[in-house]
Amino acid sequence: MLSTLWLLLSFAVPVRGIYKFVSCPHGKQCQKALLSGNDVLLQCSSAGAHWYYFFLQTRSGWTTTNTSVSNMVTTPVGHLLIRDPLPSQTGLYSCWNKNGTQETQYEIDFQDVSSLHITHKSLDQDPLHNESLELGRQETVFTHWEPWQDCNRCDVPGERKRLGYCYIREPQEEPVPCGIFLGQAKLKSNRLRPEMQVEACFVPCDPQRSYRHEYTVFDSFRFSKESEALWLTCSLGSIYRPIMWEVNGIPLTWRGQLVGQGMNTVLDTSTGGRQLQIFQPATYKCYVHQEFMAQFSPVMGPEALEEQNKKEEQQWQVGKVLVPPKEADSVLKGLKLMLLMVFVLALAGLLFRALRPAWDKKKNSVLLVK
């Protein structure tokens, strides 16, 4: 399938369309806020280029990417691929061509995606408000919003999202991403974090667009005895791209998850829904940019199925009523009390029958005297 081919190629040669592509004009220095944990491709169109980096939090000096950073790869055309970047990798990235001339330089702030603040417009949830910092220069923390992404489905109700990044502004100065502004400084503030805002949308399908019909089917997923949950990954998906999941034909939404109606699934916030945690067999489908990408049909493994059957046998047994331990004590006490009452009534009946003849004789004697 076509999506499978793209997936395999992405491991061999990084493809621009799969990753967040960041460009900067030749000879310029560009500043950008991004999210940690999500792959990014920094542009430098110079074959044989060398990249150098300087992390602001450690300030250990300029280092070449050819040394020891395992999640950085220079592509054949010169771009720098950073897989699963860390917040600690916030810093400067400089590209030099093979002649020793600097091509471009980036200031990148990888903001911590684990602290992502999520709101949904239909739930009347407000984004973070602007706040002042007490650093002595009247600094203001605010959210710089990117444009809304496309609706994740067409011709049917869907959702769209936009990402917002933490920025700090000083009077008469240009705003700067929070991580670059603060550098090594450590501030305890719940305001210094990125955001994601979601809203409902409905758009018609583009009649001029050719939608692909190829998709990948994954049928090898098994629930095991050790794990009661599975993670599914939508190939070619990203927090920077529109994604949608369906379970047995029913769409999963961020709104549903935020109000506790996730249909026994969890959309991973750190990947923007690229990954989905599931707890039961079903047919799961994912869409990227309104196109059907993959279908998953996980099933119970033999051990997991046996374990499930055992649990069901413990909960339900034919011809028997299972009573929890605490309720069983109450039932036993009730039965004992009932038996005691039956015994007392039977004894009273026997005494009544034994004393009745004597009572009748005494009554007759009294009548004779009269």
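How much space lies in the largest pocket? About 460 Å³. Keep in mind that this is a predicted model.

I'll stay with the pocket for a moment. Its lining has 21 residues, and those nearest the centre are Gln 57, Asp 112, Gly 179, Leu 182 and Leu 192. Two elements each give two or more residues to that lining: strand S9, residues 102-111, and helix H2, residues 178-182. By class, the pocket lining splits into nine nonpolar, eight polar and four charged residues.

With a cut-off of 30 Å³ or more, the count is two cavities.

The largest cavity holds about 70 Å³ of space. Around it are Gln 149, Asp 150, Asn 152, Glu 159, Arg 160, Lys 161, Pro 242, Ile 243, Trp 254 and Gly 272. Strand S13, residues 158-169, gives the most to this lining, with three residues. Four of the lining residues are charged, three are polar and three are nonpolar.

The second largest cavity holds about 60 Å³. Its lining includes Met 244, Trp 245, Leu 252, Thr 253, Leu 267 and Gly 273. Here strand S19, residues 243-247, gives the most, again three residues. By class there are six nonpolar residues, four polar and one charged.

One last point, on the two linings together. Asn 152, Glu 159, Ile 243, Trp 254 and Gly 272 line the largest cavity, and these residues also line the second largest cavity.

Note on methods
Residues numbered from 1 in each chain as written. Predicted model: local features only at pLDDT ≥ 70, side-chain atom pairs only at ≥ 80, totals over all residues. Heavy atoms only, no water. 1 Å grid on protein atoms, 1.4 Å probe; cavity = no way out; pocket = protein on both sides within 12 Å on 5 of 7 lines; lining within 4 Å. Points joined across faces, edges and corners; volume = space filled by probe spheres on them. Helix = DSSP H or I, 4+ residues; strand = E, 2+ residues; numbered from the N terminus. Nonpolar A, V, L, I, M, F, W, Y, C, P; charged D, E, K, R; others polar.
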